[in-house]
Amino acid sequence: MTSPDDHALVSAFLAGDARAFDTLAARYSALIYTVALSRIRNHEDAEEIASETLVRLHRGLRTFRWECSLKTFICQITVRLAINRYKKNRRQRITDSLNEPIGD
């Protein structure tokens, strides 16, 4: 269930109150980081994913339709970003290993 405070904060943000978004970011930042870290298992990548999640949330709130809770929406963004980062890191490791000499 969505917190009534989330509705009020999103409405305030959409009405132009930037502080409302800051409150949402503060409320969910620990959750975002925890979800990212649980998926990617790298602190630096988790911090980057958390930052990117907040950017995407900021952009996405204008089209958010409350078909799920705000918390679920935020977690979906975070998980998608973590999966994409994992795939990117995996491709990079494979490419790096292909570029390494086989032996002396």
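The model is predicted: local features need pLDDT of at least 70 and side-chain atom pairs count only at pLDDT 80 or more, whereas totals for chains, interfaces and linings use all residues. Residues are numbered from 1 along each chain as its sequence is written, and side-chain values use heavy atoms, with hydrogens and water left out.

Arg85 belongs to helix α4, residues 70-99; helices (H or I, at least four residues) and strands (E, at least two) are DSSP runs numbered from the N terminus. Arg85 counts as buried because its relative accessibility is 18%; buried means under 20% relative accessible area, exposed over 50%, and partly exposed in between, with a 1.4 Å probe and protein chains only. The side chain of Arg85 forms polar contacts with those of Asp45 and Glu48. A polar contact is a pair of N or O atoms within 3.5 Å; within protein, one must be able to donate a hydrogen and the other to accept it, and residues adjacent in sequence count only if both atoms are side-chain atoms.

Ser69 is located in the loop between α3 (43-60) and α4. With a relative accessible area of 15%, Ser69 is buried.

Helix α2 spans residues 18-40 and includes Arg39. At its start, a side-chain oxygen of Asp17 comes to within 3.0 Å of the backbone nitrogen of Arg19. A kink of about 50° in α2 is centred on Tyr28, where the bend at a residue is the angle between axes fitted to the seven residues ending there and the seven starting there. Tyr28 is also one of the buried residues of α2, which include Phe21, Leu24, Ile32 and Ile40. Arg39, by contrast, counts as partly exposed because its relative accessibility is 48%. Not counting residues up to four places away in sequence, Arg39 touches Val79 and Ala82. Arg39 and Tyr86 are 47 residues apart in sequence, with a C-alpha to C-alpha separation of 8.3 Å. After α2 comes Arg41, which has a positive phi near 55°.

Three aromatic pairs occur in the structure. Phe64, Trp66 and Phe73 are linked into a cluster by ring pairs. Rings of Phe, Tyr and Trp (its six-membered ring) pair if their centres lie within 6.5 Å; planes under 30 degrees apart count as stacked, over 60 as edge-to-face and the rest as tilted.

Technical notes. Contact means heavy atoms within 4.5 Å.
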